[in-house]
Amino acid sequence: MLKNLFFLCLLATIGYSCTGLRNSRKQALDENIIATTSQLNIIKTLENKIQNKLVDDSNNAIKSYLPILKALETELKARKTMLASLDIKKDSEKIEKLTREYRKKRDEEINLLLMMNDFVNVGTGTVKSEGTFESGEFALSADVKSRINLFVKQVKDSLGKYEGKLDATQSLQIEITTTGYSDAEPLRRPNLIALLKQNAPGPMPSPKKGINYPQNRKYLNKVLSRLRAKSVYKYLDKALKEVGKANIVRQPDNVIGLGETYPYRDIKDYLEVDERRRICKFSVAIIPVKSSE
């Protein structure tokens, strides 16, 4: 009698253990699916924030985040589809293996998303600042330098904050974008005109017309605006290198001159000669990357 009772208890214990294992596997599988869905939602929120900022500044350096987010989104969608296809009984070993693998991988991915979200929210990597240039000038004024120095301090603070959160395989890199503008004031100074011609990528659009013929003036003002962007880039690059906590990566077309184009779409009362148009926007994207990249 006691022997039979013992076997009955043993069978019950084994059955309870099997049920517990199945429940544990189901819980692990469900947690992975929920976590993956949550990460996809964070990515969508980040993409929307970035796109909203790019409406006002299409050259903002944070556009560098979009391909990173898109690649992660593709990977997570594939992961979610695969997890949803698993069977608790048939794929028990695979579920346990994937649970261990994804736990570490998920921590890295969430850390990356949190850093990028903070860069977008706090402003480091997305701050768009500007300083007014004197008419016909591309040398940095004290006002422009002070704005850049303030911006560099924000970048430095964030680099210090996140550098310690990287794992051994990661490092931080910085991408800078500067975009210069000008107003439509006629060009009168011979030295300036000669300098702009010297830095122009090609001949004047209408060589038989005067310097201030609209096509020629716009062309040379575009050259002037790029020189402004170049001045800001050089100063910003030097200041960030002195911080020394991240690699600065130069991307193609990150020094941009837009000439007489209006810097802000929402300002309706621009004048032909208007100091609000003699500016340079600058932005920085701080990107965690694998050290081998």
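This section describes a helix crossing, a pocket and a cavity in a predicted model.

Two packed helices are described by the angle between their axes and the distance between the axes. For helix α4 (residues 142-163) and helix α6 (residues 214-243), the axes come within 10 Å and cross at roughly 35°. The crossing of α4 and α6 is right-handed. On the α4 side, the contact is formed by Val144, Lys145, Ile148, Asn149, Phe151, Val152, Val155, Lys156 and Leu159; α6 contributes Val232, Tyr235, Leu236, Ala239, Leu240 and Val243. Twelve of the residues in the contact of α4 with α6 are nonpolar, one is polar and two are charged.

Helix α6 also takes part in the second largest pocket, giving the most to its lining with six residues. This pocket has a volume of about 220 Å³. Its lining consists of Asn199, Pro201, Tyr219, Lys222, Val223, Arg226, Leu227, Lys230 and Gly257. By class, four nonpolar, two polar and three charged residues line the second largest pocket.

One cavity of 30 Å³ or more was found in a search of the whole structure. The largest cavity holds about 30 Å³ of space and is lined by Ala28, Leu29, Asn32, Leu83, Leu86, Ile95, Leu98, Thr99 and Tyr102. Helices α1 (2-56) and α3 (92-122) each supply at least two residues of this lining, and α3 gives the most, with four residues. The lining of the largest cavity comprises seven nonpolar and two polar residues, with no charged residues.

Conventions:
Residues numbered from 1 in each chain as written. Predicted model: local features only at pLDDT ≥ 70, side-chain atom pairs only at ≥ 80, totals over all residues. Heavy atoms only, no water. Axes fitted to C-alpha atoms, helices over the stretch in contact; angles between N-to-C directions. Left-handed = near helix turned anticlockwise from the far one by under 90°. Contact = heavy atoms within 4.5 Å. Nonpolar A, V, L, I, M, F, W, Y, C, P; charged D, E, K, R; others polar. 1 Å grid on protein atoms, 1.4 Å probe; cavity = no way out; pocket = protein on both sides within 12 Å on 5 of 7 lines; lining within 4 Å. Points joined across faces, edges and corners; volume = space filled by probe spheres on them.
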